[in-house]
Amino acid sequence: MERSELESDIQYLPGVGPKRAALLRSELDVHRIGDLIRLYPFRYIDRSTVVPIADVVPDAAFVQIQATVASSEFQGKKLSVWVQDGTGTMELVFFKGIKYTADRLQPGKTFLFFGKPTAFNGRVNIVHPEIDQPGTVGGATVPGAAQPQGTAGPAQGAAASGVMTGVYTSTDRLKNAGITGKVMNKLMANALQLCLPEIQESLPEYILKEKGLVSLNYALKNIHFPTDAYALRKATYRLKFEELFLLQLSLLKQKYIRSRADKGIPMPKVGDAFNKCYQALPYDLTGAQKRVIKEIREDLKSGRQMNRLLQGDVGSGKTMVAVLSSLIAIGNGCQACIMAPTEVLAQQHFANISKYLAPTGVEVALLTGSTKTAERRRIHQGLEDGSLGIIVGTHALIEDNVLFHRLGLAVIDEQHRFGVDQRAKLWSKGAGGIPPHVLVMTATPIPRTLAMTLYGDLDISVIDEMPPGRKPVQTMLITEGKRTALWRFIRDQIALGRQAFIVYPLIFESEKVDYQNLEQGYERVVQAFPFPPYKVAIVHGQQSSEDKAFNMNAFAAGRANILVSTTVIEVGVDVPNASVMVIESAERFGLSQLHQLRGRVGRGSDKSYCILVKGQKVSKESQKRLELLCATENGFELAEEDMKMRGPGDLEGTQQSGLPINLAIASLARDGALLAEARTYAEQVLERDPLLERPENGRLLYELRKDKYKVHDYSRIS
Ligand code: ADP
Ligand code: MG
């Protein structure tokens with residue numbers, strides 16, 4: 001094979017060498033020269049304007065001034081240089097290389113200084129500005145630009161060439177090793193010089209034409225050294241599209257391959273149990289529930305394995321969908337399991353599901369960590385001989401000694417709480433070596449763009465309609481000053497026969513300080529609501545499961561008026577009589593989580609309230625989040641907003657996925673429309689050429705082999 005610059009070790013790039021190469025590898029994950037040119041600037045500095053000193057304000061963006069050195073002065077290890085430009089005087093401060101700098105900045109000489117102004121002792125100064133000779137900008141010499149494609153159009157505006165300088169992610173270690181912003185620009189110029197001639201277009205010609213995208217060559221050149229803002233926009237758009245398109249292509253291709261390869265247990269019938277349950281339902285299913293059940297039915301009878309994600313807001317009625325799906329499995333001679341993340345939830349599921357199953361005669365049992373040995377034995381036996389049709393439980397379900405006669409369907413509630421290995425274990429329990437159909441249910445609404453990436457290889461169903469009769473929950477934001485009024489309000493609600501949740505943040509289950517918050521909070525609540533007549537229960541993660549269940553049940557049964565808790569009640573818990581949800585230090589929760597908590601109330605026929613108590617110091621952003629929660633009850637809208645504010649990486653449920661949700665240039669939060677478009681293109685390409693065997697798609701296959709686009713089979717292994 002020909003020698004490839006792109007594939008060359010980064011240490012051979014002029015200006016790098018072994019020492020810097022080690023840092024580029026460890027700090028930036030850059031191993032080859034080709035990796036470097038795919039490291040894009042995260043912003044740009046416009047060095048085309050010179051700002052008069054009189055106009056420089058502190059904490060503005062970076063500024064460039066042109067000024068003459070008036071005097072300089074050493075103060076211990078600090079060098080102060082005073083410069084003036086006719087509109088004013090400014091101090092420049094240096095802590096490193098001060099001897100060299102003082103020599104260079106001779107009084108009377110004029111330079112361009114570039115840096116970020118800060119306020120210090122009531123004055124504005126710039127610490128460690130970059131220094132250039134007037135008439136030069138940046139430092140790197142830019143290799144000849146490839147011509148844009150016809151579609152790029154002529155450059156608009158007449159900005160000088162190379163005035164926008166890219167700024168790259170850096171670290172202290174890089175800076176200490178002398179890899180400054182300026183050096184990065186230089187390295188990038190060197191890398192482009194070497195690599196541009198061998199860059200091959202990654203996207204098929206017909207897509208470039210149809211979408212009016214610039215070539216990869218042009219895009220890479222202009223993402224690092226934009227000739228002007230227009231070229232930069234073109235380059236950015238093209239690279240974003242490429243990234244989103246290749247990722248979607250990879251996900252969809254995998255899904256396609258699997259759907260052809262993975263046999264599923266055929267379930268052609270609906271069966272008696274389903275029909276009996278359906279006819280005995282105390283209510284009509286919502287349109288959304290019906291639609292989703294139909295989607296699941298289609299999957300189950302297809303002969304291929306179902307891998308479906310069911311998203312539905314809290315209270316949208318997912319349990320019923322789980323029950324009816326399980327009954328289809330029963331109707332086809334199979335068993336079903338329903339797994340929940342916590343003991344409390346599993347118990348509640350079991351209680352509800354038992355009710356629904358009563359008319360069907362199907363046997364159901366509950367298996368959790370605290371199931372007694374004798375009962376456990378009975379359950380194991382029933383699962384093995386097939387007399388037990390449906391099993392509800394926690395992680396206890398996937399232990400090695402749990403064997404099924406014929407497991408056909410696994411329903412996983414709140415899937416993100418299950419780890420990698422656990423899911424894999426579940427797969428191995430299928431009937432006759434065929435993996436069970438999998439239905440993953442989540443009440444954390446995931447923005448569409450994120451779902452398409454995180455679960456790109458799953459089918460997605462959405463329940464976007466609430467059962468009738470749910471009243472809106474009135475949400476209010478208050479400060480500590482309103483505490484007395486809040487207690488009075490809760491007393492009034494209790495007098496009306498209602499109940500209240502009071503939730504304290506518990507970010508790390510193990511952190512002592514969080515428990516102190518909770519304990520102190522509990523003390524306060526008990527003081528404000530003394531026994532008799534009030535009864536306050538408390539539930540948290542460090543209690544034994546018996547204590548937890550006891551307290552939880554006391555509240556659910558109406559024996560306690562108030563439940564003080566951590567977020568253990570976040571998922572699933574159903575107490576229709578509870579009308580107040582108080583969330584303490586609400587700013588410490590994510591939007592989606594707050595929304596979930598709020599969903600615990602408003603389940604009964606009474607008007608419900610969610611009261612957010614905010615702490616003393618709340619950032620502007622948190623304040624905005626909390627206000628948004630007061631303004632809308634749409635979980636998907638909140639999730640979108642949460643993603644925009646916090647970034648996709650911080651959203652609940654995304655951390656463990658291991659998928660590249662923090663992309664190199666595109667943003668799942670901001671580029672939703674482009675993502676949808678990229679996905680449509682990916683679908684079209686695969687429709688015509690599912691395995692990318694055609695010559696015009698050959699390059700795509702090559703691109704998908706890159707680590708970045710290698711998606712693991714999420715539903716199966718991870
Ligand atoms: P989630 O989606 O949060 O799991 P659940 O399945 O717990 O929601 O349902 C919430 C409540 O709504 C339950 O009390 C359930 O009985 C009720 N419910 C579910 N579907 C309907 C429906 N179609 N009509 C009326 N009530 C319903
Ligand atoms: Mg539920």
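## Ligand 1 and its surroundings

Ligand 1 is surrounded by 16 residues, of which the closest are Asp284, Gln289, Gly315, Lys318 and Thr319. As this is a predicted model, the distances and areas given here describe computed coordinates.

Oxygen atoms of the ligand take part in contacts with both backbone and side-chain atoms of the protein: a backbone N or O atom of Gly317 lies 3.1 Å from an oxygen atom of ligand 1, while a polar side-chain atom of Lys318, a residue listed among the closest, lies 2.7 Å from an oxygen atom of the ligand. In the case of Tyr356, an N or O atom of the side chain is 3.2 Å from an oxygen atom of ligand 1. Taken alone, ligand 1 exposes 570 Å², and 81% of that area is buried by the protein.

## Strand S5 and its partners

Strand S5, which covers residues 110–115, has five of its six residues buried, and it is therefore largely enclosed by the rest of the structure. Strand S2, made up of residues 63–75, pairs with S5 in the antiparallel sense over six bridges, and within this pairing Gln64 stands opposite Phe114 of S5.

S5 is also joined to strand S8 (residues 130–132), again in an antiparallel arrangement, through three bridges.

Arg483 belongs to helix H16, which spans residues 483–495. With a relative accessible area of 8%, Arg483 falls under the 20% limit and therefore counts as buried. When its neighbours within four places in sequence are left aside, the residues in contact with Arg483 are Arg524, Glu584 and Val613.

Although Gly122 and Pro58 are 64 residues apart along the chain, their C-alpha atoms are separated by 9.9 Å.

Key
Residues numbered from 1 in each chain as written. Chains lettered and ligands numbered in written order. Predicted model: local features only at pLDDT ≥ 70, side-chain atom pairs only at ≥ 80, totals over all residues. Heavy atoms only, no water. Buried < 20%, exposed > 50% of the residue type's maximum accessible area, 1.4 Å probe, protein only. Helix = DSSP H or I, 4+ residues; strand = E, 2+ residues; numbered from the N terminus. Pairing = 2+ DSSP bridges. Contact = heavy atoms within 4.5 Å. Near = heavy atom within 4 Å. Polar contact = N/O pair within 3.5 Å; in protein donor to acceptor, adjacent residues only side chain to side chain. Areas by Shrake-Rupley, 256 points an atom, 1.4 Å probe, with all protein chains shown as cover.
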